[in-house]
Amino acid sequence: MTWKRLSLAVLAALAACLPAQAALARVRVVATLPDLACVAREVGGDTVEVTALAYPTQDPHFVDARPHLVLALNRADMLVLAGLELETGWLPTLITGSRNARIQPGGPGGLTGYFDASTVVPLKQVPQQRIDRSMGDIHPGGNPHYMTDPRNGGLVAVALAERLAALDPTHREAYRQRAATLKRTLDALAKAEVRRFAALPARRRQVVVYHQSLVYMLELLGLQQVNTLEPKPGIPPAPGHVATVLGQMRALGVEAIVQEEYWPTSIGRLLASKTGARLVTLPGGPAFEQGETYAHYVSELAGRVYKGLQP
């Protein structure tokens, strides 16, 4: 065989392999938060590669915009974010630095890989009046911590399946089926937790929180948020406000202070020691890199709160 014929044969063999190689390519999804990453991994299955930008130990308002995060976004086919300005302090810089047209917001017809999950869930605490900085860190579009309610996780899963299907039509039905299964699981989990918490005496269904980050979960479980340790969202606890909260806890018999692990615990421990209440710390997100599922995470949230409200 001449060199020319050999070269043509090699090229033909390589060309024949290209469709198979393309079929093996996975959709690269980057999620800002671990809970969104878990949902993406469960919906995508083996046909997606998912990266989370933030760790569960980090306050999602303040994530270090490290260089390797830019690289992850540069390679991404899709970006999934919580939206409602939760990530506004760090994500825009990373998106710009990624120089990736696929994940830019506002593409032609909206057909980019930019998926704002807040657009598919019912929102709480949407301000009805004009807001300003004197009111603290208020999110003008509504409370962005909606993933603490598993029903919202199910809605995100279904919408995400459609976005993945648009990028990867070959696996459309698999995405839809996995999303539907996950939604059924999460809806059933929510109903079971509602029944469990409804059996608690009314006086035990009261809590104090650190930040306005558990509203969705507390409302689902029928719990009353008596007050927050922050006098205003994003403003550290002040002595006068802490004294007010202490008085409320004593007067109402509040038995639990609930907060994520990334918030300071010193004030919570102080109030617990003075009232006999329990300080219940919650994971700030699922352990995505260790393989924890979103369903296990939200179940763990409810379980810790329920245990904290027991006699």
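**Cavities, sheets and cores**

Reply: Happy to! The largest cavity is lined by 26 residues, and those nearest its centre are Leu33, Asp35, His145, Gly284 and Tyr297. A cavity here is a set of points on a 1 Å grid over the protein atoms alone where a 1.4 Å probe fits but cannot get out, and lining residues have an atom within 4 Å of a point. This is a predicted model, where local features need pLDDT of at least 70, side-chain atom pairs count only at pLDDT 80 or more, and totals for chains, interfaces and linings use all residues. Residues are numbered from 1 along each chain as its sequence is written, and side-chain values use heavy atoms, with hydrogens and water left out.

Me: Which elements give two or more residues to that lining?

Reply: Helix H2 (34–44) and helix H10 (294–308) do. H2 provides the largest share, 3 residues. Helices (H or I, at least four residues) and strands (E, at least two) are DSSP runs, numbered from the N terminus.

Me: What is the volume of the largest cavity? And how many cavities are there of 30 Å³ or more?

Reply: The volume of the largest cavity is about 260 Å³, and a search of the whole structure finds 2 cavities of 30 Å³ or more. Volume means the space filled by probe spheres set on the points, with grid points joined across faces, edges and corners.

Me: Switching to strands: what is the order in the sheet that has E8?

Reply: That open sheet of 4 strands runs E6-E5-E7-E8, with parallel pairing. Strand E6 (224–228) and strand E8 (278–282) are at the edges with a single partner strand each, so one side of each has no neighbour in the sheet. On average, neighbouring strands there are turned by 30 degrees against each other, direction ignored. Two strands pair if DSSP finds at least two bridges between them.

Me: How many bridges join E7 and E8?

Reply: Strand E7 (residues 256–260) and E8 pair over 5 bridges, in the parallel sense. The bridge partner of Glu260 in E8 is Leu282. H10 packs on this sheet and touches E7 and E8, its direction making about 175 degrees with that of E8. Contact means heavy atoms within 4.5 Å; axes are lines fitted to C-alpha atoms, for helices over the stretch in contact, and angles run from 0 to 180 degrees between N-to-C directions.

Me: And the sheet with E1, what is its order?

Reply: The order is E2-E1-E3-E4, again an open sheet of 4 strands with parallel pairing. Its edge strands are E2 (48–52) and E4 (114–116), each pairing on one side only. Strand E1 (residues 27–31) and strand E3 (residues 78–81) pair over 3 bridges, and Ala31 has Val80 as its bridge partner in E3.

Me: Now Glu193: buried or exposed?

Reply: Buried, with a relative accessible area of 9%; the cut-offs are under 20% for buried, over 50% for exposed and partly exposed in between (1.4 Å probe, protein chains only). Glu193 sits in helix H6 (residues 172–198). Not counting residues up to four places away in sequence, Glu193 touches Leu221, Ser299 and Ala302.

Me: Last one: how many residues are in the largest nonpolar core?

Reply: It has 75 residues, and among those with the most contacts inside it are Val29, Leu36 and Tyr146. A second, separate core of 15 residues includes Val208, Leu229, Val242 and Leu246. A nonpolar core is a set of buried Ala, Val, Leu, Ile, Met, Phe, Trp, Tyr and Cys residues joined through side-chain atoms within 4.5 Å.

How values were computed:
1 Å grid on protein atoms, 1.4 Å probe; cavity = no way out; pocket = protein on both sides within 12 Å on 5 of 7 lines; lining within 4 Å.
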